[in-house]
Amino acid sequence: MDQKLETAGSHQARFHLEGMTCASCVARAERVLRAQAGVSEARVNLADESAEVRFDAPATRATLAEALSRAGYPPRQAVVSLSVEGMTCASCTGRVERVLAAQPGVIAAQANLAARRASVTVWEGMADPAQLAAAVSRAGFAAVPQAAADPGSKAREMAALRRDLWLAALLTLPIFLTEMGGHLIPAFHHWLMGVVPMQAQWVAQSLLAALVLAFPGRRFLTKGLPALARGAPDMNSLVALGTLAAFAYSCVATYAPALLPGAARAVYFEAAAVIVVLILAGRLMEARARGRAGAAIAGLLDLAPKLALVEGPEGWAERPVAQIIPGARLRILPGARVPLDGVVEEGASSLDESMLTGEALPVSKAPGDRVTGGTLNTTGALVMRVTQVGADTVLARIVAMVEEAQSAKLPVQALVDRITLWFVPVVMVLAAATVAVWLIFGPGLAEALVAGVSVLIIACPCAMGLATPVSIMVGTGRAAELGVLFRRGEALQTLADVTRVAFDKTGTLTEGKPVLSDLKPASPHLLRLAAAVEAQSEHPLARAVVAAASGLDVPPAQGFASRTGLGAEAMVEGQRVAVGAARMFDDCGPWLREGEGFAVQGKTPIYLALDGKVMGVMAVSDTVKPQAAAAVAALRGMGVESAMLTGDAQRVALAVASDLRITQVHAELMPGDKVNIIKGLRPGVAFVGDGINDAPALAAADVGLAIGTGTDIAIEAAEVVLTSGDPQGVATAIHISRAVLRNIKQNLVWAFGYNAALIPVAAGALVPFGGPQLSPMLGAGAMALSSVFVLGNALRLRRLQGVRA
């Protein structure tokens, strides 16, 4: 099966498949592939679970993958992250995405201007990260796989921008003083004309302007002109065209004035040079703002120490954290940060876990307790054993979640992408049309040039490209600091529209640590029989029963069977012992009234039957979290309704809901019932849960929020993770999402409004009505400031605070 394909078919694809278990799977997958129109040959290999296909049109990789998925063998996907330098505007991100999408094996690509990163979804094994990076580099951008990215590149970019700005400013200052000083101070103009003739001034200005364009301004020419030649102009192309047009016209006026009418003999060297200075200044401010926007991620990464005290054959010694493996014993001194995740083996202390939970109160740690890398040891010394290293640590997973969310594109970005695809070409057409109109109806060639260059320079696709991603970057970073992790960036937009939040009860609104509070009759014999059955169960209520019987002689159980949503049963000492909810039994007899009395108190009744007859009832209580009522109140204040979904008894659920002032209660639910209710509450519903049984409901909701103290399955099914167990994090998540969406809308209004308002002004639309004709220098300043405005507005999100009722 692993022999090479014949040469028939002009395209080849290799998929890595899920669900391949036997030779029948191989045969079925091959039949499915060969049945597709355009497929000339297909080979499936069970050993490495791969499929190789030769095909022509109308078959495509996407249609072949869809056919395999329908057959039950979906091709595996992978996400490749690339570091991409040189993107300066929305046109750049669009080009990067189009280049990547055209590569074989690529399913989708998203480029992020703010993060200087591209996230590429590929068919596993079909696209090499280095080849993808090479394709982007050939398109004019410096791209490398994220793992190979130089961490010092951003610092060098800042240093280069600062150096170029100072050089450009020093070279431009004489030009600016010579040309503009005379306009501002007539006496200075007359003195200068008497000392240096006009022609000599123009020659000197041309030399200085040439140096500005050749060195500090070189970045615009080397990127903008090739992009223009490829038919994919970007912001650099606009700057290059504008500055070169002003410089070339001025050179003609200086060195070949006979080619121009007398009235048109003027120079604009100061415009070409000042444009470079202002745009470099804008780029430097933008780079600084981007650095602050990504400060949350940098701060998280800085929490992990680089060295740790490790126990070895010769005692304790410092070693790099990167060399430590699971099982190593580490010593954590007071005031030091925990290097990696693990379990305490010796000592007692309190740890500041605010980086993880957002809560400032230190948490006590003793032998057997888990500790998380990056948290701060405040008082005593600890000895821990490492359990997770590298990408498996909680801190690394948090950083990965935030980076993934920051790389996402919200649905609102689709409109921006459609506009920016054509923005730069349209601006170039408008500039040409402006020059033509001024030549026909205006006073002359010089004024036409000024208007055309102003249109090229003032147009700002940068602000449009930054409007969405920079807000997402700052918002998700600040959310992580407040204990809210957006695993998928799209959840930001969806959560902002939520009008109803459905909570699971146990472990979400309650502590999830139930204890046995009552037993009727108070019989140790019944308790030991119940514990024998519950010892086989993983349910939290079962653990409460087992814990209560810890001092008793609990017999073994055989034939254990779990009845989902009802209870469990097993053979114990020759009797069929059943433990569960009232609905598990046909008749609870007089014990039903006792159980209902417990339920009214907010306790969960558990009935015990021997050989089919109910012989008693137990009560398990679970304390409501102290922040639960405040969370519900905070949501109510935000206009969001709360509902409770639980498998617990109706009376228990109503008692808890009454304390929390929740009016919508759904009790005695099976896991599938929760999904149906969530679907009935849509659209605009979020579900909050923590257990394995909550995973279907989390997936069914418009947005799923998992309590970070819950199970990994629940966290994987959710779009948002609350790293602490505080349900007030739900209100904080909604508050952040609404603030981010509001910020994005403000940025988009500014970005589009700026271009819509000032491009006509730059073209001279106000001149016939007595208005001003905008100078290219003012256009460059306005363009630089428009991006800075968007970044500054997004940085306001760093001041967001968590919601507290």
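Predicted model: local features only at pLDDT ≥ 70, side-chain atom pairs only at ≥ 80, totals over all residues.
**First stop: helices α1 and α2**

Select residues 23–34, which form helix α1, together with residues 61–70, which form helix α2. Their axes come within 10 Å and cross at roughly 140°. Angles over 145 degrees would count as roughly antiparallel, and the two helices are therefore classed as oblique to each other. The crossing of α1 and α2 is right-handed. To view the contact, display the side chains of Ala29, Val32 and Leu33 on α1, then those of Leu64, Ala67 and Leu68 on α2. By class, this contact has six nonpolar residues, with no polar and no charged ones.

**Second stop: the four-strand sheet**

Next, colour strands β5, β6, β4 and β7, which in that order make up an open sheet with antiparallel pairing. Strands β5 (106–112) and β7 (142–145) stand at the edges; each has a single partner strand, so one side of each is left without a neighbour in the sheet. From one strand to the next, the twist averages 25°. Within the sheet, select β6 (residues 117–123) beside β5: the two run antiparallel and are joined by six bridges. To locate one of these pairings, pick Gln110, whose bridge partner in β6 is Ser119.

Move to strand β10, residues 329–332, and show it with β8, residues 307–312. These two strands pair in the antiparallel sense over two bridges. Centre the view on Leu309 to find its bridge partner in β10, Arg331. Then bring in β16, residues 382–388, which pairs with β10 in the antiparallel sense over four bridges. Here Ile332 has Leu382 of β16 as its bridge partner.

**Last stop: helices α19 and α20**

Finish by selecting residues 524–534 for α19 and residues 540–548 for α20. Their axes lie 8 Å apart, and the helices pack at an angle of about 135°; α19 and α20 are therefore oblique to each other. Helix α19 passes α20 in a left-handed crossing. On α19, show Leu527, Ala530, Ala531 and Glu534; on α20, show Ala542, Val545, Val546 and Ala548, which complete the contact. The residues of this contact divide into seven nonpolar, no polar and one charged.

Note on methods: Residues numbered from 1 in each chain as written. Heavy atoms only, no water. Axes fitted to C-alpha atoms, helices over the stretch in contact; angles between N-to-C directions. Parallel < 35°, antiparallel > 145°, perpendicular 65-115°, else oblique. Left-handed = near helix turned anticlockwise from the far one by under 90°. Contact = heavy atoms within 4.5 Å. Nonpolar A, V, L, I, M, F, W, Y, C, P; charged D, E, K, R; others polar. Pairing = 2+ DSSP bridges.
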